[in-house]
Amino acid sequence: MAHRLTFKRDYYAGGLIILFGLVAAIQGPEYSMGTLVRMGPGYMPTALGIILIALGLMIAGSALITPGGADEGFLPADPQWKGWACILAGPLLFVLCGQFGLLPGSFACVFVSALGDRTATWKSALILASVVSAFGVVLFSYFLQVPMPVLTWSIP
Amino acid sequence: MIFTALQDLWFGFGVALEPHNLMWCFVGVLVGNMVGVLPGMGPLATISILLPLTFGIKPVGAILMLGGVMYGAQYGGAICSILLNLPCHPPHAVTCLDGYPLTKQGKGGVALGLTVMASFVGASWGITEMIFLSPILVKVAMEFGAAEICSLMLLGLLAGSTLARGSPIKGVAMTVLGLLLGIVGTDVNSGVQRFTYGAMGLADGIELVALALGLFGIAEFMNSINQSTEINTTYSHVRLRDMRPSKAELKRSFFPMIRGTLAGSLCALIPGTGPTIASFVAYATEKKVSRTPERFGTGMIEGVVCPEAATHSSVQGDFIPTMSLGIPGDAVMALLLGALMIQGIVPGPQLISEHPDIFWGLVASFWIGNILLVLLNVPLIGIWVKLLSIPYKYLYPSALFFVCIGVYAANNDMFQVGETLIIGILGYVLLRLGFHPAPILLGFVLGPRFEENFRRALLLARGDIGTFVERPISAVFVALSVLLIAVQIYVRLGPYLRNGMKTKAARIAERSAAE
């Protein structure tokens, strides 16, 4: 079987690892390497970076000699852009709305992330968000005493 | 020797039976069991979510609770795979093979009842092993210098990353990435800030909770959103009296239980082979030993009991290297060790003598927790079955909220929620590229100690890197690591090379035939 140079997941996997390795190996020496007897703070990161580059090359290299599998796409068969966006928006909104207290933070987080499901409706997300944030306020503010105001108007 | 161990165990029961410790143990197994039943939530995610909540409790209570979550989740996972054919947790994937057919035949209750028994038998053996083996290991490990610790860690890291799921090279790459992530933050020796890029929030390093929840929370949710198939609960009505096995069934499952337990405990002794491999090995052995191997997969009770006993015996056995050497075998153990470190306890061979209350309390709590689990699982089975039908669309937004508040509460710092988000995106990219992120945690937890011991070993040897092979014990560990790599290369690359030869030979033969 001829190896076509088409998309293979492991090329990118190896590439990503090489990238991480390069960052460490280039940044590492700036923290002073020291000697083997007295290692500086830069020694370990540089060494690990070089190992990562080697591993990345091996991953990409082994993809060259092995035939491609069935699932070589980076994105899954049915990309869930909306779902992913909603999941990622959850913590983001928790950070943003959390400035106004635990209640708005948790409500926004649950409401938006719940909308990511295919079968979710505005109503179901609204109900879930209300239930979870009520439960969350009782559990975390009253029982576990997490020092986060429930509701506040002043931006810190 | 045996007498002192029993005396220490007695002391441990004293610790574990203190009311507040008992309460945390109970909370742990209850939550673990509950979350283990929920499809799509594994012990890793559960322990990471609960981790921040334990910062307020004393170390003993915290570790008892987290340990309880871990083995509680194993009990719950079995329910999920037997009744729904959903292998929510990898160790229970084999249990589905014979468990679900049994459920379809209306014997799901019996299978569950026997599973609970097998789990208890397996766990009890694992705990016994821990009681007697750990002190011996500690005695040996006390003699270790920095070089030996370093090589032992190397062996542990390699075993943990190459024997787990997926490609071994990718596993090693993840471990090294974990080591690198462990370096982020202020260097203890020189005070230099490494890889913080001026961010104040990173000065103390990447937060363990943020890393764990990013990788096993957010990345997992992204991976499983809208992927859940319709859950079929038609067979999953199990009543309490359905669970009682008949005498014949008990007799049939007695020896498989013993065999599974032994397989599990053997796997626990090899670092890196956790419960998942143990359960597969146990199932394969049981099928070989059986007089009717062709009937496996059609609802053989042996095929359920044996892997379950193996899983539990290996779960308990995994604690041995973690607690006595300070070297975790898999990501869950790394997380537990990380929890201890957050509490200010230094893991390693000195842990048992310095904190006997933690070690022996934990051992004793295993037994108490396992008895609690048997007591919980039998009458509450109806409730667990109801939990099975909670759809994922309600589960993940709630879990996401717990992730956010948990990370925030760990340090009362919003920066860390953002950190979790970024790690989550990275984790999903890694998942899609065919990496299993679990070894990252292993490297991350061991990283700082590895660097420290590496530096010290070379300082003592005056910069002679040969010290690792000149010291005999260290040389053994290095040799084992090399052997491990060699075996992996042979196993993984062997077939490709041979195939390559064969196809080349075939091509030549074809060509000559055509001519």
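Two residues are in contact if their C-beta atoms, placed from the backbone, lie within 7 Å. Helices are DSSP runs of H or I with at least four residues, numbered from the N terminus. The model is predicted: local features need pLDDT of at least 70, side-chain atom pairs count only at pLDDT 80 or more, and totals for chains, interfaces and linings use all residues. Residues are numbered from 1 along each chain as its sequence is written, with chains lettered from A and ligands numbered from 1 in the order in which they are written.

In chain B, helix α3 (residues 43–50) is largely enclosed by the rest of the structure, because eight of its eight residues are buried (20 or more other C-beta atoms within 10 Å of the residue's own). The buried residues of α3(B) pack against these helices of chain B:

| Helix | Residues |
|---|---|
| α2(B) | 19–37 |
| α4(B) | 59–84 |
| α9(B) | 208–224 |
| α14(B) | 331–342 |
| α17(B) | 392–411 |

The axes of α3(B) and α9(B), lines fitted to C-alpha atoms over the stretch in contact, are 9 Å apart at an angle of about 135°. Angles run from 0 to 180 degrees between N-to-C directions. From α3(B), L44(B), A45(B), S48(B) and I49(B) meet V209(B), A212(B), L213(B), F216(B), G217(B) and E220(B) of α9(B).

Chain A has domain 1 (9–65) and domain 2 (81–143), with bounds from an automatic or database domain assignment. The C-alpha centres of these two domains of chain A lie 39 Å apart.

Notes
Buried ≥ 20, exposed ≤ 12 C-beta atoms within 10 Å, placed from the backbone. Helix = DSSP H or I, 4+ residues; strand = E, 2+ residues; numbered from the N terminus.
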